[in-house]
Amino acid sequence: MSVSEICPDDTTGSAHADRGRAGLLCWRRILGAAGESVSQQEIDAVRALLTSKPRPVGWSERRQRIDEIGSTWPVADDVRLEEVEFDGVPGEWSIVPGSDPSHVLLFFHGGGYCSGSIISHRRMVTEAGRAARMRTLAVDYRLAPEHPYPAAHEDAMTAWRFLRMRGIEARNIAVGGDSAGGNLTITLINRLRAAGEEQPGCARLASPWTDLTMSGTSLEAKAAVDPLIHKAYLEELAECYAPAPMNRKDPLISPLFSNLSGFPPVLIQVGSDETLLDDSIRFARAAGLADVDVTLQVWPHMIHAWPMWNARLKAGRDALEQVGAFVRRWE
């Protein structure tokens, strides 16, 4: 876009003040265009990293690969990490200067319920905690195919009980996750609601996988631009996590189909270049129809779980800042 298209050359005296405002607008637009260029360069570099090697075949190799990719950039020097275990479930605290010890971000990593770990998502989790100004508790829940549904659900509930038994008020807990971790976040809250228990203050979902029946049209519409997630791969993951004859439309497996009445405030962040775009859009619609306070953010050109790469991706840092502001609003 040229400057002349934004700021027409009007030199009449009567238009001078307006032209001054147009000049400011012009300057902002130029900065915006430059920012978009930098953002595109950064996300292209992340794409190159993610596609530098083909996806391994075995689960052990896949898990090693996501840990390797996710830990390309380590956590910041001022982050303190502490291992913890609750009834056999491993976890990790992260604390940064200024963290409020009475508030916790409970985090479930993505990886299709078959891979991912505390290691792979550590940078994203710790920086989300910084933005929210609270401690984080990342959970290393059991993975399929060795531990199919409902093992991860049981571990998520164990983590919740652990926080509650430590005296953390439910309203002071924010629950969140990316991809399958977003799915696990929703289903944990649904289980708490069904049991009539207190719910967390809010939920944060990043690129959530809400529909294991894979009925979203974006699976085809975005297949050419998504470097990570495609329908055949999701089918493989779903078969490991919820093998036949399980009904994948069960709301505890595909929370898109759950009754969301009474769900706490939720922030959903998804990239426009994701095959799982519809999983977010349709879940946000279902939440809105159920009178849930829901915020849906679609980030242009971003890919699946892009805040993971926040160390070298400004859009990742910006997304986490939005998370922090949202969490602080409801805590």
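**Exercise 1. The largest cavity**

What is the volume of the largest cavity? Describe its lining as well.

Solution. 
Step 1. The model is a predicted one. A search for cavities of 30 Å³ or more finds 1 in the structure.
Step 2. The volume of the largest cavity is about 60 Å³.
Step 3. Its lining consists of 14 residues, and Glu-92, Ile-118, Arg-122, Val-125 and Ala-138 are those nearest the centre.
Step 4. Two or more lining residues are supplied by each of strand S2 (89–95), strand S3 (100–108), helix H4 (118–132) and strand S4 (134–139). H4 gives the most, with 5 residues.
Step 5. Sorted by residue class, the lining of this cavity has 6 nonpolar, 6 polar and 2 charged residues.

**Exercise 2. The largest pocket**

Find how much space lies in the largest pocket and which elements contribute to its lining.

Solution. 
Step 1. The largest pocket holds about 580 Å³ of space.
Step 2. Its lining is made up of 30 residues; Arg-55, Ile-66, Leu-228, Ile-229 and Tyr-233 lie nearest the centre of the pocket.
Step 3. Helix H3 (59–70) and helix H8 (231–241) are the elements that give two or more residues to this lining. The largest share comes from H3, with 4 residues.
Step 4. By class, the pocket lining contains 16 nonpolar, 9 polar and 5 charged residues.

**Exercise 3. Val-84**

Is Val-84 buried or exposed?

Solution. 
Step 1. The relative accessible area of Val-84 is 16%. The cut-off for a buried residue is under 20%, so Val-84 is buried.

**Exercise 4. A nonpolar surface patch**

Which residues form a nonpolar patch on the surface with Ile-281? Assign Ile-281 to an element and an accessibility class.

Solution. 
Step 1. Leu-296 and Val-298 form the patch with Ile-281. Together, the three side chains' residues have about 200 Å² of accessible area.
Step 2. Ile-281 is located in helix H9, which spans residues 277–289.
Step 3. The relative accessibility of Ile-281 is 34%. Buried means under 20% and exposed means over 50%, with partly exposed in between; Ile-281 therefore counts as partly exposed.

Conventions:
Residues numbered from 1 in each chain as written. Predicted model: local features only at pLDDT ≥ 70, side-chain atom pairs only at ≥ 80, totals over all residues. Heavy atoms only, no water. Patch = residues over 30% accessible without salt bridge, like charges linked within 9 Å, V, L, I, M, F, W, Y side chains within 5 Å. Areas by Shrake-Rupley, 256 points an atom, 1.4 Å probe, with all protein chains shown as cover. Salt bridge = Lys/Arg side-chain N within 4 Å of Asp/Glu carboxyl O. Buried < 20%, exposed > 50% of the residue type's maximum accessible area, 1.4 Å probe, protein only. 1 Å grid on protein atoms, 1.4 Å probe; cavity = no way out; pocket = protein on both sides within 12 Å on 5 of 7 lines; lining within 4 Å. Points joined across faces, edges and corners; volume = space filled by probe spheres on them. Nonpolar A, V, L, I, M, F, W, Y, C, P; charged D, E, K, R; others polar.
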